[in-house]
Amino acid sequence: QLFVKYLIINFSLIGVILAGFILNVFYTYYIVKENIVEQNNDALAQSSEELEEILNSIYSLSSTLRSNDSLRELRGYSGEKLPSDKYVFMNYLQKDLSDFSMIANISGIGCVIFRNNQVFVSNYQSSADFADYYGNYLEVRGMEAEDFRTWILNCREQITCASFETVKVFQNRTMELQNPLAVVVRIRNQDRGIDQNTAFLFLLDKNVLLRK
């Protein structure tokens with residue numbers, strides 16, 4: 001009986017200690033979890049602000065190019081085949097787009113397309129025929145050239161964000177981007193509303209955005 005008595009006492013003490021230990025573990029877990037959630041919420045809020053700054057930079061860049069002389073020349077031309085005297089404007093616009101992208105610290109592909117002609121100009125290359133350029137240096141997996149071009153031109157908002165599973169781009173070299181952020185910008189004219197003839201497209205690498 002004495003043995004059983006002390007055995008029960010010892011087991012009771014062990015039970016109390018274990019109960020206290022378990023409660024301490026759950027309490028510590030709760031505190032750590034709350035700290036992690038708070039840190040992640042703070043990081044998410046900061047990331048949202050940084051993403052908003054990137055989108056603002058993209059829109060500012062597009063607005064700046066609205067009055068670009070080369071862009072106006074290309075935007076004003078209507079036809080399937082670009083005259084040879086217009087090629088110089090493609091080169092000038094490509095240089096300006098590249099310079100402005102660097103100034104705005106936008107790390108990605110920025111390009112311009114037009115509704116009334118087939119011209120395509122990016123901050124790395126340019127082409128008088130989007131269909132010839134597409135598939136070699138730019139391609140969204142599962143979309144033909146005209147499908148992708150139509151999707152861009154059908155974006156009606158000033159800023160439209162979307163994501164595609166795999167996109168092939170040329171950025172000093174040909175590469176494939178997984179789930180990049182595609183941002184389409186339509187510029188608002190002061191007197192006529194949204195410019196229906198010109199669309200800016202920016203493709204931002206998901207991994208670069210996450211590092212930011």
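Helix 1 passes helix 3 in a right-handed crossing; a crossing is right-handed if the near helix is turned clockwise from the far one by less than a right angle, and left-handed if anticlockwise. Helices (H or I, at least four residues) and strands (E, at least two) are DSSP runs, numbered from the N terminus. This is a predicted model, in which local features need pLDDT of at least 70 and side-chain atom pairs count only at pLDDT 80 or more, while totals for chains, interfaces and linings use all residues. Residues are numbered from 1 along each chain as its sequence is written, and side-chain values use heavy atoms, with hydrogens and water left out.

Two packed helices are described by the angle between their axes and the distance between the axes. For helix 1 (residues 2–66) and helix 3 (residues 87–103), the axes come within 10 Å and cross at roughly 145°. Axes are lines fitted to C-alpha atoms, for helices over the stretch in contact, and angles run from 0 to 180 degrees between N-to-C directions. On the helix 1 side the meeting residues are L61, T64 and L65, and on the helix 3 side L93, D96, L97, F100 and S101; contact means heavy atoms within 4.5 Å. The residues of this contact divide into five nonpolar, two polar and one charged. Here Ala, Val, Leu, Ile, Met, Phe, Trp, Tyr, Cys and Pro count as nonpolar, Asp, Glu, Lys and Arg as charged, and the others, Gly among them, as polar.

Six strands form an open antiparallel sheet in the order 3-2-1-11-8-5. Strand 3 (126–127) and strand 5 (159–163) are at its edges with a single partner strand each, so one side of each has no neighbour in the sheet. Two strands pair if DSSP finds at least two bridges between them. Strand 1 (residues 109–114) pairs with strand 11 (residues 198–204) in the antiparallel sense over six bridges, and V112 stands opposite F200 in strand 11. Helix 3 packs on this sheet, touching strand 1, strand 2 and strand 3, and its direction makes about 30° with that of strand 2. Helix 5 (residues 145–153) lies across strand 1, strand 5, strand 8 (181–185) and strand 11, and runs at about 90° to strand 1.

Another open antiparallel sheet has three strands in the order 4-6-7. Its edges are strand 4 (139–140) and strand 7 (174–178), each with a single partner strand, so one side of each is left without a neighbour in the sheet. Strand 4 and strand 6 (residues 166–170) form an antiparallel pair over two bridges, where V140 stands opposite V167 in strand 6.

On a 1 Å grid over the protein atoms alone, a cavity is a set of points where a 1.4 Å probe fits but cannot get out, and a pocket is an open set with protein on both sides within 12 Å along at least five of seven lines; lining residues have an atom within 4 Å of a point. The lining of the largest cavity is I109, F120, S122, Y133, Y137, L138, V169 and F170, with strand 2 (120–122) and strand 6 each supplying at least two residues.
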